[in-house]
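Q: Hi, could we go through this structure together?

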Amino acid sequence: MAEATIPLKLTAKDFKSDQEVRWCPGCGDYAILAAVQQFMPELNIPRENIVFVSGIGCSSRFPYYMNTYGMHSIHGRAPAIATGLSVSRPDLSVWVVTGDGDALSIGGNHLIHALRRNVNLKILLFNNRIYGLTKGQYSPTSELGKITKSTPTGSADSPFNPLSLALGAEATFVARTIDSDRKHLQSVLRAAAEHDGSAFIEIYQNCNIFNDGAFELLKDPGTKDDHLIRLEHGQPITFGAQGQFCVVHPAGGFGLSVRETASVAPEDVLVHDATVDDPAYAFALSRLSGSDLGTTPIGVFRSVRRESYDTLVQEQLATAKAGATGTPEEMLSGLLASGDTWTIL
Amino acid sequence: MAEQVSDAAPAKQVQQLERVVIRFAGDSGDGMQLTGDRFTSETAQLGNDISTLPNFPAEIRAPAGTLPGVSSFQVHFADYDILTPGDSPNVLVAMNPAALKANVADLPPGADIIVNTDEFTKRNLIKVGYAVSPLEDGSLARFRVHPVALTSMTVGALADLDVSKKDAERAKNMFALGLVSWMYSRPHESTLRFLERKFAKRPELVAANIAAFKAGWNFGETTETFTVRYEVKPAKMAAGTYRNITGNAALALGLVAAGVRAQLPVFLGAYPITPASDILHELSKHKRLGVTTMQAEDEIAAVAAAVGAAYGGALAVTTTSGPGVALKGESISLAIALELPLVIVDVQRAGPSTGMPTKTEQADLNMALYGRHGEAPLAVIAPKSPSDCFHAAIEAARIALTYRTPVILLSDNYVANGSEPWLLPEVGDLPDLRVEFATEPNGEDGRFLPYLRDPETMARPWAVPGTPGLEHRIGGLEKADRTGDISYDPANHDFMVRTRAARIDGIPVPDVEVDDPDGDASVLVLGWGSTYGPIGAACRRLRQRNLPIAQAHLRHIAPLPANLGEVLRRYDRVVIPEMNLGQLAHVIRAKYLVDALPYNQVRGLPFTATELANMLEDVVKNG
Ligand code: SF4
């Protein structure tokens, strides 16, 4: 990411557009917007070099409220549109704002391909486990059996785990955070912004109209400590008010398990390493939480280096151009006249 | 084995011809496309005018020796300018019984047939349903049949060379090419050079293929089977440097040229699809001229990525065929709402659904004009011949860039894979396509108004990210005039819908020209796209029979040329031949209230000049 050397001295206010924000009062999107606007000056990137691209859904209104360049596009296609923009304009900082329906249902294909290519996009997926804009149908992250307007007797589809999906596509940066925890959200944004390549962030977002309290277990001071696992690179993975729970890799199993810390030898408590190259580790972490959110890690699951699509494409262009001689017009003349030609006098 | 190609032909009679149509036909694995290509190249070197038509199966390798596996290449060459690859071949080279069976019905009486007798085995005959060999039952009596043991003679000619029997047999197409090159007195140097290049890594195959070519040539020279050798003199063509080019190659080069003339990087988003993939292949080679190609995950991503690149200031293109355009509709609508330049290339093929992917059709016109939700107008243009694809691509880019609109370029399989000589243009003579990006706020008190239009072009400013002070948000929601803010205001929507229509209608396009040599025609034949050649050839035939006929051909279909209504009303009868069920005819009838007569064919093949001439003759004589 291009960084200006002179501090730009921007503030959150500089990133507020003149448009009236029109989410429902109390929607988690407000908190995310405020957190992002407050974080943006840290990037020290001129506003004109930042672009927010979104699809369709409540979250996708986001670009209208950012005083940067922005495009509110069509349902599911934001990662593809942003790919075309990012690969042809590597000087820009391109952010995608999407939701669970937008990114995982209608746009699932574009999301996984952007991630496998490792396009230099920062993708913020607001997961509220419901369709808000269309007034309350179940989404691909809604729990099995969810009763909604379109599933009066309960949904029969199993949900996606967005992080497992991203990791299956071998995304190089994968993280999860929560709308209401501004500090954590911004720490994840910071790590994502520093990452070269695709950064995928799932943000648990409350839709207080159609799916209120979906993540309450992880927010309520009375319950959150026992269910929320804060991942920190290089630190043993423990949780609970007194760290009484921990994550281990039991011998003979594929996945990870939660144990009582007291019952485990200290050296057997898993130490988080986001840089493990094999996505299987982060995948195993992502499997700790099911629909019930019982043990839900947040933080950076995976952050590994792999050449971005943008860089590889730009390198090919640069190599081709380095071998070229003459003006574009001269090269074009030569190109048109290539192959077997003949001249009539 | 003779080492030299002998050019002196003392014993043979030489006959002058004005034009010849040859069809090379064989199994998909027999190398017929390559053989046809080489013959075309030799013929181009000689200065004949040329038009070619490949015809290959959709299957990569259908079972050997079967009718679905037949692949053919037709080349028409003449000492005057020609417009089509020819209706019926004067010469058929049939490498096996399937090739004979699949093509014999197209031959006129008296045509030459060169057959590879080695393949006329009982088994091969049964495979295609011949109970008795057609070479023996008299069914080919109306043709001049030249039975040649092509495979065994090739193997014999290569006996001294260090190649496997399989490789020797595979060189039989070069034997056939040598023989036909001898028959039509073609120069052979370029083919020998080509073989050296093609097999540079395997010198034994260079030697084998060259030996096979020479053996075929010398066989024609020495055998009694061929008593006549033919010559077709060079055509009178405009001075300049030429190359033979297919429509897809010309279209790709046109896009590269447009990028150079616009001084913009070209971005192509594409998903592989027959018959458009060759454009992607060609463009992927031109990175040094600033062309980026992205093979997207699907058709939708391909166009969406192009929309993103257009937003970033590139000359953005997506190339596909009909099924792909169907998938791209929503993104094209977005580009219409965003008023961004975008070139969408549709190399049409026979539909609906998967249809016949390797066969031609013009049935995507309705989709190009109307195939989107809401009132979603855009510009539509169509090339008329393979080399015209170059200029049509530049024109599509010019309209897209100048008027900030998506443009659909309707090519089709016939022009895409057909080829003809192309007079190379001077780069400096190509249109200047440079654009000005917005750099300054355009509104009161330093505001930027993304939907404030240029009064002349009605284009909105192209303000690309990275421009300080012009940060703005746009999207698919209806926008207020000037500000581009979201608007649900009824009057504004009505205004914006009408404005989007008016800005396409207002694009100035050249008047349609009428070819009516004596100015006395009462019937006008109107076409668009790839039917130009067959319609033109048919009109010539009518005029040779002293039947006056006028021809007009549309390059721009949206908007239509301003003089078209007046042109149509000049004639008593307007005939519109199309390879669909009358899609342009509907437009013309609706817009001009002209009782145009549709003439339609959807066989996956181009019109023949003969059938069009017969139809037009009937209209001219009987109204
Ligand atoms: S419907 Fe839900 S997600 Fe949408 S704005 Fe309202 S509260 Fe937010």
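**Chat about chain B**

A: Ile126(B) sits in helix α3 (residues 122-127) of chain B; helices are DSSP runs (H or I, at least four residues) numbered from the N terminus. This is a predicted model, where local features need pLDDT of at least 70, side-chain atom pairs count only at pLDDT 80 or more, and totals for chains, interfaces and linings use all residues. Residues are numbered from 1 along each chain as its sequence is written, chains are lettered from A and ligands numbered from 1 in the order in which they are written, and side-chain values use heavy atoms, with hydrogens and water left out.

Q: Is Ile126(B) buried or exposed, then?

A: Ile126(B) counts as exposed because its relative accessibility is 56%; exposed means over 50%, buried under 20% and partly exposed in between (1.4 Å probe, protein chains only).

Q: Switching topic, which residues have the most contacts inside the largest nonpolar core?

A: Val380(B), Leu526(B) and Leu584(B), in a core of 169 residues. A nonpolar core is a set of buried Ala, Val, Leu, Ile, Met, Phe, Trp, Tyr and Cys residues joined through side-chain atoms within 4.5 Å. Apart from it lies another core, of 53 residues, including Met95(B) and Phe175(B).

Q: And what is Val380(B) in contact with?

A: Leaving aside neighbours within four places in sequence, Val380(B) contacts residues including Leu365(B), Ile408(B) and Arg555(B), contact meaning heavy atoms within 4.5 Å.

Q: How far apart are the C-alpha atoms of Ile126(B) and Ala301(B)?

A: They are separated by 48 Å, with the two residues 175 apart along the chain.

Notes:
Helix = DSSP H or I, 4+ residues; strand = E, 2+ residues; numbered from the N terminus.
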